[in-house]
Amino acid sequence: MSEAAAKPAEATSVAPAASAAPAAAAVAPSAGGDASAEGADGEKKQSKKGAKKEAKMAEAAAKKAVKAAGAPAAPAAGTSSRAEKKKEKKEVAPVEEWVNTTPKGEKKDVSGNLPASGYDPIQIEAAHYDWWHQRGFFKPRYQADGSPLPAGVFSIALPPPNVTGQLHIGHALTVAIEDCMVRWKRMKGFTVLWLPGYDHAGISTQAVVENRLIKTEGKSRHDYGREEFLKKVFEWKEVYQGRITGQMERLGASVDWSRVAFTMNESLSKAVVEAFCTMHEKGLLYRANRLVNWCCYMNTSLSNLEVDQLNLTGRTLMNVKGYDAKERFEFGVITSFAYPVENSDEKLIIATTRPETMLGDTAIAVHPDDPRYTHLHGKFVVHPILDRRIPIITDSITVDMSFGTGAVKITPAHDPNDFECGMRNNLEFISLMNDDGTYNENAGPYKGMKRFHVRNAILKDLKEKGLYVEAKDNEMAIPVCSKSGDVVESIMKPQWWVSCKPMAEEALKRTRAGELVIKPKTSANEWVNWMENMQDWCISRQLWWGHRCPAYLLKIEGESTDASSFRATAEENWIVARSLAEAEEKAKAKAGDKAFTLSQDEDVLDTWFSSGLWPFSTMGWPEQTKDMEHFYPNTILETGWDIIFFWVARMVFLGNTLTGQMPFKEVFCHPMVRDAFGRKMSKSLGNVIDPLDIITGQNLQKLHDDLRTGNLPEKEIQKAEDGQKKLFPKGIPQCGTDALRFALCNYTSGGRDINMEINRVEGYRKFCNKLWNATKFCLFRMGLVELDGTRLQSTFTPHASALPTGKESLAEKWLFHKLNYAARAVNEALEKREFSEASSAAHHFFLYDLCDVFIEATKPLFEANEESDAKLSAQNTLYTCLEGGLKLLHPFMPYVTEDLWQRLPRRAGDDCESIMISTFPEAIPEQDFPKAETDFDLVNSTIRSARSVAGMYNLPTNGKTLEDKITVLVQAKTAAIRQMLESQESIIVALTKGAGQAKFIEKDEEVPQGCGSEVVSGDVTVHIPVQGKVDAAAEINKLEKKAELTEANKEKLKKTMELPNYEKNVKEEVRQGNSDRMDMFENEVETLRSAIERFKLLL
């Protein structure tokens, strides 16, 4: 099923009003036109007959209500003067704001009248979540012996949101997709665990809290000290964890809150220590003094994945984090300067984008085959500022002699490529920079200066010495910290590292063996590419917020721990241990009788290290718990494709290494949510959306005000406000949770991105309204409520069995078959993680099959107001398929489906408390009626064609007498089809607007002159007499054009069917389809020609 099947525009069609029956003409017309009218909002209007009937009922109800109140009755519609109407409008009392009176955790009472306000998401969604939670529906269900249910286990861990702030629309997508799977599997009888939790998000949380303190108090973390600052962070964590919890509850996330986890709680912290120690014991975790990405502003190292690349096309002046806001530094240029050759007048010209690093140069490299520099091999240049001798070396790997001058400065301690060159050539490694970005004693006269001030000073000094050559525009990428925005430096640091290559090889081996399936395919291909090019992972972070490394520096009395050489990791001076007591035992064994001291590493671990343990640390690992037994490995991981390497790879590495198993069997990567213009969500663009703003609605001013609760500078706030005005000029309309969730699932069609449009979500809010009103109308059909929602005492009780009795009408059998089809489609699509197709299938069944067709098709039966076996059968079919439709929609729209399901009567023996633990629809043989589907589809097509012809000729639909009304002539070439269609005469007449009768014929001679015609199929044609009601000449012209188009289509198809090897190369089912189309074209041409001839007789 295409996504178009569930577009919001369709969601608004044929929605019954709160006190009205569905529109009379509900079957969608063919392209030929539609005789029925539509309102401005796309909803079909009622027939006049239906409107009159309901107006009378509404008037009677109004009189009854007024009488009860002791006031005079209002006049019937159409009897008031214009002045009286205006007066009445002024006197209308404002609607009181609805207040939820259900005590928290108790079940909402829906036994009374349906709300007079109609569908109101705030009212409909109230109380259900707390009751679900209190009843324990979110927890896994087991058999009596404690083992999982026979259907199996479905386990998934929620990707833990960072406690840096609140959820955005991307998180809402995660909740919508995961809760959809969880509710579906729960309804299918699985033992389901959806485990929630939160990530401490070390660098992000520390940055946001410190920035907030600077903005509000003018203090940094250093002003507080480590202990007091961490108290501030924990205070922040409690506030924002609470906010996130509230958002998840509002989104309907049916997570098991009894298992909620936090990456820094006691049990998960224990897992972190165990993982660190085990990895070290396995030789996969080591300490080394190597180049790292360094953020000077935050004073911490970064992984490659935490570094963004800012692309410049040429000279650009930029402000750098940590400098005066008015200062600008030059980037996007390549600067050339000269090194004097020792004992010579010759100079070597080199070019660099970072001239300040020349203070750490320890070689000039040339290509060994470059004839320009053969005479300089083994000689030296003189550093023009620090008065050091620098060797001229040859290196064919580093140097491309066709690029620039062919001479390259080598700074091993500050450039990744130069680092490798330094290792190959045994060069000196000179570190220039302090942690805060100032230069150290190795910088000579520039000691204590900030790095980009050093850049400017060096350029000035080189010019004064006559060694400056030139600066040219240079297209380049600047590494930028994704957390702070600072320009990232490469510096030498002794850190803890994880050896990733052997784990990547193992992960790839297991993936190829089928132990892990990654969807969609684009993400699977990226996974392979990443694994084949894996680098080691630096896990040390110079932060305060996080898990401190379980490593202790050992200082033995009388022994030096100096590691002056960059190659000395000094790991022998470190003890990795699960506790201080264990570290002391190891230290005693190492120190012998000598005195020693132990001090724990001040660094904390990269956040991704602890979150990499998430699938099993949350299950109790390293202990062998029941949760580990039942729910590990997880069934699936659902996450965004953009963090497949940040997080998914880490989990796979650590899971395989520490548990011997892949941590999950499947990875589904959802798209990235962008704004309506396709831009990535960004606070400064004003397009970051709080899901609650869509659920409850939000005015533009409040959106503006919310921007000021964060850390954005004033200039960025103004930019964000402009973005909000462009995206939400009238604010955000109230859409409700169900509409938001459905939209997000329907957007998820396998692509990489979602361009989020609020109008589309609002369209699904209208579908929720349709769902509500249609269900109310079904209850009316069952005699359970009045049209206005007032409860009635009814004798209707659904049959104990949901299976068909065998006495169903053609329309009922058709609906059962469509329910089977929808159940099969939804289940298969969800198994394949095709959420758009699944939601579209459920939407199509309820909106089209149930509402637009069946409810309309059974109008004649119900409007007869006679009790009969046929009516009772239709009521039971309506009940079964209405309940089935609500169940199919429940995983996508939990609130409105629960609220409506609770209002349905229960079958005998059905004591199920909630729709969320009821049985999900499955396709069953007893509901398969393929012939009924074919036959009733033909009936529907016949109705569409009749309406199309009536619309094409603009025939009047308000005839009073049988003669004035439309006569539908149905020409069927076989007796069986004719008899079947004739049996559905009442439906054909009722659903063809303006029709008074239908006649069924076989031969062309029976078709009177002056008919408008349309071919329904190869065997059926619809004719409507139009003689005297149309301009014959104009109709002939219209028919001739249609005949020409049909002839052209016929000839095109004929050429296809006459291609060489057509019978051999084209599949049988395609050939059969083409043959059927050819028959239809030939019949249509014949019909059109006959119609033309008949109209000619009218001239």
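1. In this predicted model, F616 and Y632 are both buried. Their rings form an aromatic pair of the edge-to-face kind, with 5.7 Å from centre to centre and 70° between the planes. F616 belongs to helix α17 (residues 614-617), while Y632 lies in the loop between α18 (626-631) and β26 (637-640), so the pair ties together parts that are 16 residues apart in sequence.

2. The structure holds 26 aromatic pairs. One of them joins W496 and W574, again edge-to-face, at 6.0 Å centre to centre and with 85° between the planes. This pair links distant parts of the chain: W496 is in strand β18 (residues 489-498) and W574 in strand β23 (residues 574-576), 78 residues apart.

3. Are W496 and W574 buried or exposed? The cut-off for buried is under 20% relative accessible area. W496 is buried because its relative accessible area is 0%, and W574 is buried because its value is 14%. Both residues also belong to a cluster linked by ring pairs, made up of F276, W496, W537, W574 and F609.

4. The charged end of K493 sits over the ring of W294, at 4.8 Å from the ring centre. R760 lies over the face of Y747, 4.2 Å from the centre of that ring.

5. Y747 is also one of the buried residues of helix α23. In this helix (residues 737-747), 11 of the 11 residues are buried, so the helix is largely enclosed by the rest of the structure. Among the buried residues are D738 and R741, as well as L740, F742 and L744.

6. Helix α33 (residues 1032-1057) has 26 residues. How far does it reach from its first C-alpha to its last? The span is 37 Å, close to the 38 Å expected at 1.5 Å a residue. The buried residues of α33 are A1032, E1035, I1036, L1039, A1043, T1046, K1050 and L1053. When reading such a list, the student may recall that an α-helix has 3.6 residues a turn, so residues three or four places apart point the same way.

7. R903 is found in the loop between α29 (894-901) and α30 (930-952). R903 counts as buried because its relative accessibility is 6%, and the cut-off is under 20%. Which side chain makes a polar contact with the side chain of R903? That partner is D899, at 2.8 Å. Leaving aside residues up to four places away in sequence, R903 touches V110, N113, L114, P115, W772, L779 and R791.

Note on methods
Residues are numbered from 1 along each chain as its sequence is written. This is a predicted model: local features need pLDDT of at least 70, side-chain atom pairs count only at pLDDT 80 or more; totals for chains, interfaces and linings use all residues. Side-chain values use heavy atoms; hydrogens and water are left out. Rings of Phe, Tyr and Trp (its six-membered ring) pair if their centres lie within 6.5 Å; planes under 30 degrees apart count as stacked, over 60 as edge-to-face and the rest as tilted. Helices (H or I, at least four residues) and strands (E, at least two) are DSSP runs, numbered from the N terminus. Buried means under 20% relative accessible area, exposed over 50%, partly exposed in between (1.4 Å probe, protein chains only). A charge sits over a ring if NZ of Lys or CZ of Arg is within 6 Å of the ring centre and within 35 degrees of the ring normal. The expected span of a helix is 1.5 Å times one less than its number of residues. A polar contact is a pair of N or O atoms within 3.5 Å; within protein, one must be able to donate a hydrogen and the other to accept it, and residues adjacent in sequence count only if both atoms are side-chain atoms. Contact means heavy atoms within 4.5 Å.
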